[in-house]
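Subject: Structure handover

Hello,

Here is the structure I promised to pass on. Please have it open while you read the notes below it.

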Amino acid sequence: MAKSWSTPPREALRVTPGYRLADADLAATPGWEHGASAADKRLAVDGRHLSEEQERLFADGRSGGTRSVLLVLQGMDTAGKGGIVRHVLGMVDPQGVQLHSFGVPTQKERSQHYLQRIREALPSPGRIGVFDRSHYEDVLVVRVNELVPPEVWEPRFDEINAFEREVVEAGTVIVKVALLVSPAEQRARLRERLERPDKYWKFNPGDIDERAKWPSYLEAYQAVLDRTSTDHAPWYAVPADNKWYARLAVGRLLRDTLEDLHLEWPAADFDVEAQKARLDAQPL
Ligand code: ADP
């Protein structure tokens with residue numbers, strides 16, 4: 001039997017008023033007391049359930065259902081967003097997943113409202129959408145690097161809350177995950193990229209410049225968590241110094257989210273017995 005969570009991550013990790021990022025222990029494993037190897041077994045079990053639920057969601061979408069799920073992944077460089085995609089979303093049928101990575105806006109995107117490219121990437125019914133970075137960059141990197149003045153980014157918190165409400169009302173469940181690494185762990189991960197030729201491709205010298213702005217990022221992330229963890233689209237603060245824990249937690253968040261939709265397999269829109277009889281009657 002795979003070991004269980006003592007407190008499920010939707011409870012243990014949900015950002016509620018008073019959460020202080022600066023005080024968080026990012027090597028902790030809230031709600032999980034069984035260490036790394038038991039976590040792999042639990043994730044494998046959760047992955048099987050998640051995969052079945054994903055298929056049910058997909059079937060529901062094919063049959064006229066309107067439900068979908070959107071996983072928003074935010075985190076500093078090296079926080080492990082790619083690992084979540086590979087190890088957690090990798091457990092379900094790739095057909096059912098719509099992954100979008102949001103980088104520096106293109107010239108065309110810059111000429112549009114910042115939410116336009118986000119709207120275009122929302123998951124279709126039946127799908128699990130994954131945002132590797134998101135509209136939150138427009139109140140994080142944009143704020144920290146002063147790409148627009150405060151009077152432009154400040155109103156975005158309310159605008160994002162209203163936008164997400166609209167998305168939720170249309171049938172999408174939004175799960176927002178802040179993957180939180182400590183500066184020391186980030187240094188170790190960047191260092192590893194510089195020591196391994198198979199990881200050079202992941203290294204971007206600009207990451208060291210961004211890292212120098214850690215206090216500003218901390219402030220910007222705190223504001224995001226304070227102002228946009230709503231009842232309709234809450235944030236989960238996932239300590240990510242242990243990659244295995246972050247993957248375990250996100251796997252479980254997704255499993256619980258999908259199970260809570262209580263989807264049924266679509267009923268046959270044909271006469272099952274009549275079709276069996278037709279099939280049996282064929283000579284082939
Ligand atoms: P990653 O660093 O996630 O592996 P990239 O190398 O494509 O992927 O980097 C994406 C970069 O784009 C990040 O530095 C991020 O801060 C930046 N970015 C994303 N959205 C915006 C935005 N709206 N405005 C400015 N920069 C953005």
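The notes below start with the ligand site and then go through single residues.

This is a predicted model, in which local features need pLDDT of at least 70 and side-chain atom pairs count only at pLDDT 80 or more, while totals for chains, interfaces and linings use all residues. Residues are numbered from 1 along each chain as its sequence is written, and side-chain values use heavy atoms, with hydrogens and water left out.

Ligand site

The ligand sits in the largest pocket. A pocket is an open set of points on a 1 Å grid over the protein atoms alone, where a 1.4 Å probe fits, with protein on both sides within 12 Å along at least five of seven lines. To sit in a pocket, a molecule needs more than half of its atoms within 2 Å of the grid points.

The residues around the ligand are D77, F102, G103, V104, P105, R117, R133, E137, D138, V141, V142 and L147.

D77 places a polar side-chain atom 3.5 Å from a ligand oxygen. G103 has a polar backbone atom 3.2 Å from a ligand nitrogen. V104 has a polar backbone atom 3.0 Å from a ligand oxygen. Taken alone, the ligand exposes 570 Å², and the protein buries 65% of that. These areas come from the Shrake-Rupley method with a 1.4 Å probe.

A polar contact is a pair of N or O atoms within 3.5 Å; within protein, one must be able to donate a hydrogen and the other to accept it, and residues adjacent in sequence count only if both atoms are side-chain atoms.

Around the shell

P105, from the ligand shell, lies in the loop between β2 (97–101) and α4 (107–110). Helices (H or I, at least four residues) and strands (E, at least two) are DSSP runs, numbered from the N terminus. P105 is partly exposed, with a relative accessible area of 27%. For that scale, buried means under 20% relative accessible area, exposed means over 50%, and partly exposed is in between (1.4 Å probe, protein chains only). R117 is another member of the shell.

D138, also in the shell, takes a contact through its backbone oxygen: the side chain of R156 reaches that atom at 2.9 Å. R156 belongs to helix α8 (residues 156–169). R156 is buried because its relative accessible area is 10%.

Other residues

H232 lies in the loop between α11 (214–228) and β5 (235–239). At 18% relative accessibility, H232 counts as buried. Its side chain reaches the backbone oxygen of N161 at 3.0 Å. A polar contact of 3.4 Å also joins the side chains of H232 and R165.

Two residues other than glycine have positive phi. T78 has phi near 75°. T78 is in the loop between β1 (68–75) and α3 (81–87) and is buried at 9% relative accessible area. H262 has phi near 50°. H262 is in the loop between α12 and α13 (272–281) and counts as exposed at 62%.

E259 lies in helix α12 (residues 243–259). E259 is partly exposed, at 25% relative accessibility. E259 and L50 are 209 residues apart along the chain, yet their C-alpha atoms are separated by 8.1 Å.

Y114 and R48 are 66 residues apart in sequence and 37 Å apart in space, C-alpha to C-alpha. Y114 is in the loop between α4 and α5 (116–120) and is buried, with a relative accessible area of 10%.

Best wishes

How values were computed:
A residue is near a molecule or strand if one of its heavy atoms lies within 4 Å of it. On a 1 Å grid over the protein atoms alone, a cavity is a set of points where a 1.4 Å probe fits but cannot get out, and a pocket is an open set with protein on both sides within 12 Å along at least five of seven lines; lining residues have an atom within 4 Å of a point.
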